[in-house]
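Visitor: I have not seen this one before. Could you walk me through it?
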Amino acid sequence: MTSNPITPSIPSNSPGMRMLRQILRNRSAQFGGLLLLMLIVVSFAAPLLTSFDPNKNAPSQALQPPGMEHLMGTDNLGRDTLTRFLYGGQLSLRIGLSGIFIGALIGIALGLISGYFGGWLDSFLSWFNDVLMAFPDILLALAIIAILGPGINNAMLAIGISFIPSFMRLTRSSVLALREMTYIEAARALGSSDSRILVRHILPNSIRTLLVLLTLGIGSSILAGAALNFLGLGAEPPTAEWGAMLNAGMKYVRNAWWLTFFPGFGIFLAVLSINLIGDAVSDAVAGTTIMREGI
Amino acid sequence: MFNYLIRRLFTSILVLFGISVLVFSVIHLVPGDVTTAILGRQNVNAEKVAALREQLGLNDPILVQYGRYISNALRGDLGASIRTKQPVSEAIAEQLPGTFTLAISALIVALSFGAILGLLAALRHGSWVDTLVMGLSVSGLSIPTFWMGLLLILFFSVRLKLFPSISNGSSFADLFLPALTLGVPEAAVVARMVRASMLDVLNKEYITTARAKGLPKYMVILKHALRNALIPVVTFLGLQMAYLLGGATIVETMFARQGIGRLAVQSIFSRDYPMVQGVVLVTAAIYVLINTLTDITYGFLNPKIRLQ
């Protein structure tokens with residue numbers, strides 16, 4: 001079978017492919033990937049895995065320890081903890097992912113504009129970025145929640161905004177190095193518009209560096225989301241979410257350990273799996289950079 | 001050095017100005033009318049709204065409001081709490097020592113555990129000890145602070161009855177669990193840094209020379225390698241301290257400790273905007289101050305930084 005000469009193909013020895021192969025070969029990344037996949041599957045397949053309603057009270061079943069009927073026990077209102085763990089996982093993962101994508105989207109866009117156009121716009125955006133970076137992460141998120149009020153969507157937005165500075169700074173520094181490259185000058189000489197240069201040439205070449213921040217950021221974002229929910233600033237009762245479940249279980253920590261153990265373990269496993277993948281991505285990016293630059 | 005100092009101070013003043021604008025804007029960015037948000041829809045009547053607007057100074061033009069806010073803030077007046085009527089700066093001054101004590105204790109935990117583990121991993125590079133330390137480190141980075149705090153309470157407080165689960169004092173027993181909760185994730189970061197830094201230093205020529213001179217192994221490690229390996233870690237301490245001030249929010253809430261983090265969370269719940277503004281302003285200003293001092297110290301120690 002002959003390949004179509006018009007269809008662009010990714011060479012199997014391209015830096016991107018090499019990086020992907022290196023990540024897939026990494027034992028920690030394999031373990032992390034499997035763990036994450038398992039968490040995603042069991043969380044989103046919750047309706048198929050459990051017949052209990054996550055929010056339906058059953059006072060007669062209150063505070064049952066883990067057993068055959070309720071594998072993770074029940075809470076003070078008699079709700080099945082395993083069911084709430086599975087449904088809670090959906091929300092915790094969603095908050096984490098949404099937070100990081102909001103931050104990445106805005107941060108990368110601002111970093112591209114700031115680094116590429118330079119001048120007063122760059123000075124202003126860099127100053128604004130420095131100001132945002134002066135707030136410890138959780139404090140910035142708290143200030144945003146103070147403005148918008150508690151709630152799941154506001155928590156996602158608050159986490160997203162607190163991630164903007166890191167993405168903006170990294171993108172900007174990458175753009176500053178790339179915009180002087182010969183191929184960018186060539187694209188400009190050929191009449192490519194600024195937006196085309198940014199999207200087709202600069203962004204793809206910055207991706208490798210951003211990928212590390214993006215991967216590790218998902219873990220931090222899940223942690224931040226769970227922390228806001230733990231503080232009671234996210235999901236409202238009776239919504240199941242790991243951080244909120246931990247908060248609710250704190251009152252019973254002395255006689256019902258399972259109410260705090262399982263939701264916390266869920267957060268830990270999710271973040272651990274992502275950090276393991278993130279470490280492998282970081283090693284692979286460093287590896288391909290070294291190979292590319294011939295160091 | 002003088003030029004570097006002036007440049008760094010000027011940048012910090014610009015950032016502080018930005019922080020003050022953002023913090024001032026908090027009250028103006030609340031969707032809808034801020035007085036309704038504070039008083040609640042049921043309690044709204046024209047007189048109360050007018051009194052609150054007067055208290056918050058919302059009747060003046062925005063630039064006048066900002067001018068008054070910043071000139072008062074520079075004199076240490078951050079307004080009064082809507083709920084308790086207590087001056088905000090007084091409330092923060094009461095809570096700040098608790099947060100600092102907790103952050104410094106956590107820093108000690110992070111440094112001692114982190115340095116020992118990082119050193120062990122570097123000295124046994126590639127062995128099971130290294131794998132174990134790196135495994136512990138990635139787990140430490142992944143563990144939610146609040147979950148670890150609860151596990152520590154379950155073990156040390158509920159099971160062994162050694163330390164109190166709710167504590168407000170500054171004795172060893174009172175600080176043990178909160179400091180461990182806040183310090184362990186930081187220890188994971190320090191361990192990684194010490195390991196990387198030690199591995200780098202152990203390959204330097206002066207270490208080979210020290211070994212060739214016949215110095216005992218412990219002397220080479222402690223006197224020559226560790227001292228140099230800790231330099232980047234020490235310069236990193238400022239940033240860690242600033243981070244711990246933010247991280248204290250969760251630990252303070254969890255262990256019901258007095259501190260500005262807990263004060264911030266309580267103020268958000270009670271919609272006490274002047275208090276929220278005050279806490280955010282003070283914490284961010286401390287953060288900037290610590291970063292500036294760290295940069296200046298680093299610039300003092302490393303001439304290359306000054307010249308950049």
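What follows is a short chat about the two chains and how they pack.

Visitor: What kind of model is this?
Guide: It is a predicted model.

Visitor: OK. How many helices and strands are in chain A?
Guide: Chain A has 11 helices and 0 strands. From the N terminus on, its elements read α-α-α-α-α-α-α-α-α-α-α.

Visitor: And what does chain A span along its principal axes?
Guide: The C-alpha trace of chain A spans about 75 × 55 × 35 Å. Chain A has 295 residues, and buried residues make up 48% of them.

Visitor: Which contacts does chain A have along the sequence?
Guide: Take the contacts in chain A between residues at least 6 apart in sequence: 70% of these join residues at least 24 apart.

Visitor: Now chain B. How many helices and strands there?
Guide: Chain B has 13 helices and 0 strands. The C-alpha atoms of chain B fill a box of roughly 85 × 60 × 30 Å along the principal axes. Of the 308 residues in chain B, 40% are buried. For contacts in chain B with a separation of 6 or more, residues 24 or more positions apart account for 72%.

Visitor: How many residues of chain B are in contact with chain A?
Guide: 38 residues of chain B are in contact with 37 residues of chain A. On the chain B side, helices 1, 6, 7, 10, 11 and 12 each supply at least two residues.

Visitor: Which helix of chain B gives the most to that side?
Guide: Helix 10 of chain B, with 8 residues. By class, the side of chain B that touches chain A has 30 nonpolar, 8 polar and no charged residues.

Visitor: Different topic. Which residues touch the most other members of the largest nonpolar core?
Guide: Ala141(A), Ile145(A) and Ala227(A), in a core of 166 residues.

Visitor: Start with Ala141(A). Where is it found?
Guide: Ala141(A) lies in helix 6 of chain A, residues 137-148.

Visitor: Is Ala141(A) buried or exposed, and why?
Guide: Ala141(A) is buried because 29 other C-beta atoms lie within 10 Å, and the cut-off for buried is 20 or more.

Visitor: What does Ala141(A) touch?
Guide: Leaving out residues up to four places away in sequence, Ala141(A) touches Ala158(A), Ile159(A), Ser162(A), Ala224(A) and Leu228(A).

Visitor: And Ile145(A), what does that touch?
Guide: With residues up to four places away in sequence again left out, Ile145(A) touches Pro150(A), Asn154(A), Ala155(A), Ala158(A), Leu228(A), Leu233(A) and Ile268(B).

Visitor: Let's do helix packing. At what angle do helix 4 and helix 9 of chain A pack?
Guide: Helix 4 (residues 81-117) and helix 9 (residues 194-230) of chain A pack at about 145 degrees, with their axes 8 Å apart. The crossing of helix 4 and helix 9 of chain A is right-handed. The contact of these two helices has 17 nonpolar, 6 polar and 1 charged residues.

Visitor: Then chain B: how do the axes of helix 5 and helix 11 cross?
Guide: In chain B, the axes of helix 5 (residues 88-123) and helix 11 come within 7 Å and cross at roughly 130 degrees. Helix 5 and helix 11 of chain B are therefore oblique to each other.

Visitor: Which residues meet there?
Guide: Ala91(B), Ile92(B), Gln95(B), Leu96(B) and Thr99(B) in helix 5 of chain B meet Ile260(B), Gly261(B) and Leu263(B) in helix 11 of chain B. By class, that contact has 5 nonpolar, 3 polar and no charged residues.

Terms used
Residues are numbered from 1 along each chain as its sequence is written. Chains are lettered from A and ligands numbered from 1 in the order in which they are written. This is a predicted model: local features need pLDDT of at least 70, side-chain atom pairs count only at pLDDT 80 or more; totals for chains, interfaces and linings use all residues. Two residues are in contact if their C-beta atoms, placed from the backbone, lie within 7 Å. Helices (H or I, at least four residues) and strands (E, at least two) are DSSP runs, numbered from the N terminus. Ala, Val, Leu, Ile, Met, Phe, Trp, Tyr, Cys and Pro count as nonpolar, Asp, Glu, Lys and Arg as charged, and the others, Gly among them, as polar. A nonpolar core is a set of buried Ala, Val, Leu, Ile, Met, Phe, Trp, Tyr and Cys residues joined through C-beta atoms within 7 Å. A residue is buried if 20 or more other C-beta atoms lie within 10 Å of its own, exposed if 12 or fewer, and partly exposed in between; C-beta atoms are placed from the backbone. Axes are lines fitted to C-alpha atoms, for helices over the stretch in contact, and angles run from 0 to 180 degrees between N-to-C directions. Angles under 35 degrees count as roughly parallel, over 145 as roughly antiparallel, 65 to 115 as roughly perpendicular and the rest as oblique. A crossing is left-handed if the near helix is turned anticlockwise from the far one by less than a right angle, and right-handed if clockwise.
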